[in-house]
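Here is a short briefing for a reader new to this structure. Look over the sequence and the model first, then read the points by topic.

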Amino acid sequence: MSAGHQTIVQQTAVVDDFLPPDLRVPSHDQVAGRMTAWPWPLVLDEQMIACTQCGTHRDWLIISSRDQIWLRCRAGHQQHEPRLDTAWYNRSTGPADATHATFEDCLRHLGR
(Lines give C-alpha, C1' and ligand atoms only; values in the text may rest on other atoms or scores of the structure.)
Protein backbone atom coordinates (compact mmCIF):
# COMPACT_ATOMS: atom_id res chain seq x y z
CA MET A 1 0.00 0.00 0.00
CA SER A 2 1.37 3.41 -0.85
CA ALA A 3 1.82 6.16 1.69
CA GLY A 4 -1.17 8.40 2.23
CA HIS A 5 -3.86 5.76 1.63
CA GLN A 6 -5.81 4.33 4.48
CA THR A 7 -7.77 1.15 4.51
CA ILE A 8 -11.14 1.51 6.16
CA VAL A 9 -12.56 -1.63 7.65
CA GLN A 10 -16.21 -1.57 8.52
CA GLN A 11 -17.41 -3.93 11.12
CA THR A 12 -20.91 -5.30 10.87
CA ALA A 13 -22.85 -6.80 13.68
CA VAL A 14 -23.48 -10.52 13.48
CA VAL A 15 -27.22 -11.07 13.43
CA ASP A 16 -28.85 -14.44 13.93
CA ASP A 17 -31.58 -14.27 11.27
CA PHE A 18 -32.96 -17.72 11.99
CA LEU A 19 -36.25 -18.26 13.73
CA PRO A 20 -36.10 -19.58 17.27
CA PRO A 21 -36.13 -23.42 17.33
CA ASP A 22 -39.75 -23.61 18.53
CA LEU A 23 -40.93 -21.65 15.45
CA ARG A 24 -38.96 -23.55 12.82
CA VAL A 25 -40.63 -26.14 10.62
CA PRO A 26 -38.83 -29.10 9.09
CA SER A 27 -37.81 -28.90 5.44
CA HIS A 28 -39.45 -31.22 2.90
CA ASP A 29 -36.49 -33.59 2.98
CA GLN A 30 -36.91 -33.99 6.76
CA VAL A 31 -40.59 -35.00 6.56
CA ALA A 32 -41.71 -38.49 5.55
CA GLY A 33 -45.18 -37.27 4.63
CA ARG A 34 -48.04 -34.95 5.37
CA MET A 35 -51.57 -35.71 6.47
CA THR A 36 -54.81 -33.77 6.69
CA ALA A 37 -58.36 -34.52 7.77
CA TRP A 38 -60.95 -34.39 4.95
CA PRO A 39 -64.47 -34.68 6.45
CA TRP A 40 -66.34 -34.27 3.16
CA PRO A 41 -66.99 -36.77 0.38
CA LEU A 42 -64.20 -36.85 -2.18
CA VAL A 43 -65.42 -36.67 -5.78
CA LEU A 44 -63.05 -37.42 -8.67
CA ASP A 45 -64.10 -37.65 -12.31
CA GLU A 46 -67.75 -37.24 -11.20
CA GLN A 47 -67.43 -40.34 -9.00
CA MET A 48 -67.66 -40.32 -5.21
CA ILE A 49 -64.71 -42.22 -3.76
CA ALA A 50 -65.60 -44.99 -1.31
CA CYS A 51 -63.37 -47.12 0.88
CA THR A 52 -62.67 -50.35 -0.96
CA GLN A 53 -63.03 -52.34 2.27
CA CYS A 54 -65.93 -50.80 4.22
CA GLY A 55 -67.68 -48.57 1.68
CA THR A 56 -67.57 -45.31 3.64
CA HIS A 57 -67.36 -42.20 1.47
CA ARG A 58 -66.46 -39.37 3.88
CA ASP A 59 -64.30 -38.53 6.88
CA TRP A 60 -60.98 -39.33 5.20
CA LEU A 61 -57.43 -38.70 6.20
CA ILE A 62 -55.51 -37.73 3.10
CA ILE A 63 -51.87 -38.75 3.28
CA SER A 64 -49.21 -37.34 0.97
CA SER A 65 -46.02 -39.40 1.03
CA ARG A 66 -43.29 -40.01 -1.53
CA ASP A 67 -45.25 -38.29 -4.33
CA GLN A 68 -48.27 -40.53 -3.74
CA ILE A 69 -51.66 -39.84 -2.20
CA TRP A 70 -53.28 -42.34 0.13
CA LEU A 71 -56.79 -42.21 1.58
CA ARG A 72 -57.47 -43.58 5.05
CA CYS A 73 -61.01 -44.06 6.29
CA ARG A 74 -62.12 -43.77 9.93
CA ALA A 75 -61.88 -47.58 10.27
CA GLY A 76 -58.16 -47.43 9.40
CA HIS A 77 -58.31 -48.89 5.89
CA GLN A 78 -55.87 -47.28 3.47
CA GLN A 79 -55.97 -47.15 -0.31
CA HIS A 80 -53.76 -45.50 -2.89
CA GLU A 81 -55.49 -42.87 -5.02
CA PRO A 82 -53.52 -42.53 -8.29
CA ARG A 83 -55.78 -39.75 -9.63
CA LEU A 84 -54.47 -37.37 -6.97
CA ASP A 85 -50.93 -36.06 -6.69
CA THR A 86 -48.79 -33.88 -4.47
CA ALA A 87 -49.74 -30.75 -6.43
CA TRP A 88 -53.44 -31.43 -5.72
CA TYR A 89 -52.63 -31.98 -2.04
CA ASN A 90 -50.73 -28.69 -1.85
CA ARG A 91 -53.57 -26.77 -3.55
CA SER A 92 -56.32 -28.39 -1.48
CA THR A 93 -54.95 -28.31 2.04
CA GLY A 94 -53.86 -25.61 4.42
CA PRO A 95 -50.57 -25.16 6.21
CA ALA A 96 -49.47 -27.76 8.74
CA ASP A 97 -50.52 -26.98 12.28
CA ALA A 98 -48.10 -29.43 13.89
CA THR A 99 -45.28 -31.85 13.19
CA HIS A 100 -44.98 -35.31 14.71
CA ALA A 101 -42.19 -37.81 15.16
CA THR A 102 -44.29 -40.81 14.12
CA PHE A 103 -47.29 -41.69 11.97
CA GLU A 104 -49.13 -42.85 15.10
CA ASP A 105 -48.50 -39.50 16.84
CA CYS A 106 -50.04 -37.73 13.87
CA LEU A 107 -53.05 -40.05 13.92
CA ARG A 108 -53.58 -39.27 17.62
CA HIS A 109 -53.28 -35.53 16.91
CA LEU A 110 -56.02 -35.86 14.29
CA GLY A 111 -58.24 -37.85 16.64
CA ARG A 112 -57.80 -41.21 14.95
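The points below go from the overall layout to one strand, the cores and a group of rings.

This is a predicted model. The protein chain has two helices and six strands. Along the sequence, the order of these elements is β-β-β-β-β-β-α-α.

**The chain as a whole**

- The protein chain counts 112 residues, and 23% of them are buried.
- Its accessible surface comes to about 8,700 Å². Carbon and sulfur atoms hold 52% of that surface.
- Take the contacts between residues at least 6 apart in sequence: 46% of these join residues at least 24 apart.

- Strand S4 covers residues 60–65. Six of its six residues are buried, so S4 is largely enclosed by the rest of the structure.
- In a regular strand, side chains alternate between the two faces of the sheet.
- Which residues of S4 point one way, and which the other? Trp60, Ile62 and Ser64 point one way, while Leu61, Ile63 and Ser65 point the other way. All of them are buried.
- Strand S1 spans residues 34–38. S1 pairs with S4 in the antiparallel sense, over five bridges.
- S5 (68–72) is another strand to look at. Five bridges join S5 to S4, and these two strands also run antiparallel.
- Ser64 links to both neighbours. Arg34 stands opposite Ser64, and Ile69 in S5 is the bridge partner of Ser64.
- S4 and S5 form a hairpin with two residues between them. Arg66 sits in the turn and has a positive phi of about 55°.

- The largest nonpolar core has 13 residues. Which of them touch the most other members? They are Leu42, Trp60, Ile62 and Trp88.
- S4, S5 and helix H1 each supply at least two residues of this core.
- Trp88 touches Trp38, Leu42 and Ile62, leaving aside residues up to four places away in sequence.
- A second core is separate and has five residues. Among them are Met35, Leu61, Ile63 and Leu107.
- Trp60 and Ile62 belong to the largest core and point one way from S4. Leu61 and Ile63 belong to the second core and point the other way.

**The tryptophan cluster**

- A pair of aromatic rings is described by the distance of the centres and the angle of the planes.
- How many aromatic pairs are there? The count comes to two.
- Trp38 and Trp40 form an edge-to-face pair. Their centres are 5.2 Å apart, with 85° between the planes.
- Is Trp38 buried or exposed? Trp38 is buried, because its relative accessible area of 15% falls under the 20% cut-off.
- Trp40 is exposed, because its relative accessibility of 52% is over the 50% cut-off.
- Trp38 also pairs with Trp88. The ring centres lie 5.5 Å apart and the planes meet at 50°, so this pair is tilted.
- Where do these two residues sit? Trp38 is in S1 and Trp88 is in H1 (residues 86–92). They are 50 residues apart, and the pair links distant parts of the chain.
- Both Trp38 and Trp88 are buried.
- Ring pairs link Trp38, Trp40 and Trp88 into a cluster.

How values were computed:
Residues are numbered from 1 along each chain as its sequence is written. This is a predicted model: local features need pLDDT of at least 70, side-chain atom pairs count only at pLDDT 80 or more; totals for chains, interfaces and linings use all residues. Side-chain values use heavy atoms; hydrogens and water are left out. Rings of Phe, Tyr and Trp (its six-membered ring) pair if their centres lie within 6.5 Å; planes under 30 degrees apart count as stacked, over 60 as edge-to-face and the rest as tilted. Buried means under 20% relative accessible area, exposed over 50%, partly exposed in between (1.4 Å probe, protein chains only). Helices (H or I, at least four residues) and strands (E, at least two) are DSSP runs, numbered from the N terminus. A nonpolar core is a set of buried Ala, Val, Leu, Ile, Met, Phe, Trp, Tyr and Cys residues joined through side-chain atoms within 4.5 Å. Contact means heavy atoms within 4.5 Å. Two strands pair if DSSP finds at least two bridges between them. Accessible areas come from the Shrake-Rupley method with a 1.4 Å probe; for residues, only the protein chains shown count as cover.
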